[in-house]
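The following note sets out several points on the model shown below. They proceed from the overall composition to the packing of individual elements.

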Amino acid sequence: MKISVNQPQRYAKMRAHTATHLLHAALGKILGQTKQEGSLVDEDYLRFDFATKESLSIDQITEIEDIINDQIVQALPISVQEMSLEDAKQTGAKMFFGDKYGAVVRVVTIGDGFSTELCGGTHVTNTREIGAFVIIGQEAVASGVKRITAYTGPKVATYAQEKQHMIDATMKEVGVVSESQLLPKIQKILTEQKEQASVIESLKAKLVGGVLQTIDLTPNGVFDSIIATDDYPDLQWLSIKTIATEARAIFSDKTILLYDTEGTFALLALGNVSAKDIARDLWMKGWWSDELVQWRDADIISKIS
Ligand SMILES: [Zn+2]
């Protein structure tokens with residue numbers, strides 16, 4: 001009787017597993033010694049954790065992908081040999097020193113020894129079967145431990161298609177017809193956005209200035225005037241900070257209190273009024289909130305303005 005196993009899924013895992021060995025070897029070539037901290041093999045998907053202080057640069061990632069894809073197109077055979085642990089050590093096979101091995105171990109060799117590891121897992125018989133390899137991410141999983149995530153086989157093509165669709169959609173959105181125009185166009189949009197933001201800021205200041213000039217100051221307690229910004233529709237969409245900055249220039253010698261519906265206050269110019277007088281006045285008006293109670297003298301000036 002034949003045992004039914006899900007062949008396509010099993011094969012996809014084998015591709016990812018052999019690619020993990022290639023990745024381990026390629027990392028060693030790029031970084032010197034690499035200590036594996038863990039790995040996960042799934043269908044055309046793999047994760048490989050290794051000890052390193054620094055992240056891989058984009059150039060290093062590209063180099064690793066190139067090395068692995070080169071091993072794939074070279075169609076290298078994968079051989080599995082059972083031997084004594086002592087003999088395995090002689091081959092220089094990668095092994096985990098924390099792991100316990102039996103007297104007889106399995107040594108998996110790719111090509112002429114590009115990769116030699118002790119491993120009990122199943123592999124493809126030739127690197128060509130992996131199809132292709134791409135690193136899709138790098139992240140830190142612990143202090144000094146980085147994780148590389150990669151795809152193999154048909155997933156590499158799907159990944160490339162998804163990237164292309166994203167680029168196409170972005171090109172359409174920003175109105176360019178070739179990929180080479182994409183980055184310059186985005187940079188142009190960002191520059192324009194900065195310019196517009198500074199124009200908006202100066203327009204806001206002008207608008208605030210215009211509105212504040214029309215306000216009739218009505219003395220109220222120690223204040224030359226108390227202005228609720230919400231009484232002026234044109235001011236309502238501006239932050240109290242923007243209003244206060246402009247108001248300070250216009251009412252430079254006055255003691256004015258600005259406030260909005262959210263209870264944000266801004267004190268403009270102190271004139272000859274002391275902080276204590278302001279605090280007392282606010283208390284008399286019933287505006288001496290719990291927060292205000294904790295303030296004293298200089299704090300009132302610094303926090304309220
Ligand atoms: Zn393995």
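1. The model under review is predicted. Among contacts in the protein with a separation of 6 or more, 59% are between residues 24 or more positions apart. The secondary structure comprises nine helices and 10 strands, and 23% of the 305 residues count as buried.

2. The axes of helix 1 (residues 7–31) and helix 2 (residues 58–73) come within 9 Å of each other and cross at roughly 130°. Helix 1 is therefore oblique to helix 2, since angles over 145 degrees would be needed for roughly antiparallel. The crossing of these two helices is right-handed.

3. Which residues of helix 1 meet helix 2? Helix 1 contributes A19, L22, L23, A26, L27, K29 and I30, and their counterparts in helix 2 are Q60, E63, I64, I67, I68 and Q71. By class, the residues of this contact divide into nine nonpolar, two polar and two charged.

4. An open sheet is formed by three strands in the order 3-4-5, with antiparallel pairing. Strand 3 (78–84) and strand 5 (115–118) are its edge strands, each pairing on one side only. On average, neighbouring strands of this sheet are turned by 25° against each other, direction ignored.

5. Within that sheet, seven bridges join strand 3 to strand 4 (residues 104–110) in the antiparallel sense. V80 has V108 in strand 4 as its bridge partner.

Conventions:
Residues numbered from 1 in each chain as written. Predicted model: local features only at pLDDT ≥ 70, side-chain atom pairs only at ≥ 80, totals over all residues. Axes fitted to C-alpha atoms, helices over the stretch in contact; angles between N-to-C directions. Helix = DSSP H or I, 4+ residues; strand = E, 2+ residues; numbered from the N terminus. Parallel < 35°, antiparallel > 145°, perpendicular 65-115°, else oblique. Left-handed = near helix turned anticlockwise from the far one by under 90°. Contact = placed C-beta atoms within 7 Å. Nonpolar A, V, L, I, M, F, W, Y, C, P; charged D, E, K, R; others polar. Buried ≥ 20, exposed ≤ 12 C-beta atoms within 10 Å, placed from the backbone. Pairing = 2+ DSSP bridges.
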